[in-house]
Amino acid sequence: MSESAVVALRGVTFGYEDGPAVLRAVDFEVAEGRALALLGRNGSGKTTLMRLLSGGLRPQAGRLTLAGEPVTYDRKGLTRLRTTVQLVVQDPDDQLFAASVAQDVSFGPLNLGLPAARVRARVEEALAALDITALADRPTHLLSYGQRKRAAIAGAVAMRPRVLILDEPTAGLDPDGQERLLATLDGLRADGTTVVMATHDVDLALRWSEDAAVLTPSGVRTGPAPDTLARTELLREAGLRLPWGVAVGRLLRERGMPAGTAVPRTAEELAALVRDAGTGR
């Protein structure tokens, strides 16, 4: 166990009833303070892995640890886990159920038995963090899809977790909605929240994450995002393609770009590389 790991799976195997193992002897950890992208094709086990990390599923073999200590699945153990790790599922309609946004966001803190004043403070902070304060009294069924996504994340943020796990958070959002959500996640990270994003979008992972974990039939491979997402055979095994930034970086090196030049993660970084190459910098 690395010293920086907040939550980890050690030798974990899990399969659903009457089915084969979805994950087998998996080792996986979330390091504090890192932006981690979890990648894999549909059906690779990403959602299962996230539910194991958040306590929604229990390993059939192996163990889940929190700060190096095995998690117990009694009320005390699960409360400790869920005040540290929060999962936001892909479809916000699977998570929102209260009449208004503020009521929905308050559900978790209320279940912790916090005084009313502290619950209100947490709700206000979470709504502000997601930029939906103006929607506090809005019925959840009248929200747009992007607003429902933000409300679902606010409910998790109100628990003040150290680790926030998001399942395909940009799915279904238009480009502006994606940019606003990514900016929000950057703000949460700046405030000390470790964010894990599950996605099959390799370009988004290269742009956003510091570390990438690629889920393959033979296990999980984790490392710095630019290096991990440049491993052609690993991505092929996972059923993923090369990010465009990696492909362009290789092409530029073939055209004379210095070998140590960083892979462009965004269009702006690519434009700067081309501009600098043209001016001989």
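The side chain of T84 reaches the backbone oxygen of R80 at 3.0 Å in this predicted model, a polar contact being a pair of N or O atoms within 3.5 Å, where within protein one must be able to donate a hydrogen and the other to accept it, and where residues adjacent in sequence count only if both atoms are side-chain atoms. The model is predicted, with local features needing pLDDT of at least 70 and side-chain atom pairs counting only at pLDDT 80 or more, while totals for chains, interfaces and linings use all residues. Residues are numbered from 1 along each chain as its sequence is written, and side-chain values use heavy atoms, with hydrogens and water left out.

T84 sits in the loop between α2 (75-82) and β6 (85-88); helices (H or I, at least four residues) and strands (E, at least two) are DSSP runs, numbered from the N terminus. T84 is buried, with a relative accessible area of 9%. Buried here means under 20% relative accessible area, exposed over 50%, and partly exposed in between (1.4 Å probe, protein chains only). With neighbours within four places in sequence set aside, T84 is in contact (heavy atoms within 4.5 Å) with V6, L66, P161, R162 and V163.

V163 belongs to strand β7 (residues 163-167), of which five of the five residues are buried, so the strand is largely enclosed by the rest of the structure. Both faces of β7 are covered, with V163, I165 and D167 buried on one side and L164 and L166 buried on the other. Two strands are taken to pair if DSSP finds at least two bridges between them. β7 runs parallel to β6, to which four bridges join it. Within this pairing, Q86 stands opposite L164, and the bridge partner of V88 is L166. β7 is also joined by five bridges to strand β8 (residues 194-199), again in the parallel sense, with V163 opposite T194.

These strands are part of an open sheet of six strands in the order β6-β7-β8-β3-β9-β10, with mixed pairing. β6 and β10 (219-224) stand at the edges, each with a single partner strand, so one side of each is left without a neighbour in the sheet. The twist averages 20° from one strand to the next; axes are lines fitted to C-alpha atoms, for helices over the stretch in contact, and angles run from 0 to 180 degrees between N-to-C directions.

L66, another contact of T84, has E69 in β5 as its bridge partner. Strand β4 (residues 61-66) and β5 pair in the antiparallel sense over two bridges. An open sheet of four strands has the order β2-β1-β4-β5, with antiparallel pairing. At its edges stand β2 (21-31) and β5 (69-70), each with a single partner strand, so one side of each is left without a neighbour in the sheet.

After α1 comes G55, with a positive phi near 90°.

Most residues other than glycine have a negative phi. D18, in the loop between β1 and β2, has a positive phi of about 65° and is exposed, with a relative accessible area of 80%. A67, in the loop between β4 and β5, has a positive phi near 50°.

The largest pocket has a volume of about 740 Å³. On a 1 Å grid over the protein atoms alone, a cavity is a set of points where a 1.4 Å probe fits but cannot get out, and a pocket is an open set with protein on both sides within 12 Å along at least five of seven lines; lining residues have an atom within 4 Å of a point. Grid points are joined across faces, edges and corners, and a volume is the space filled by probe spheres set on the points. Of the 26 residues that line this pocket, R82, Q86, F107, G108 and M159 are the closest to its centre. At least two lining residues each come from α2, β6, α3 (101-111) and α5 (145-157), and α3 gives the largest share, five residues.
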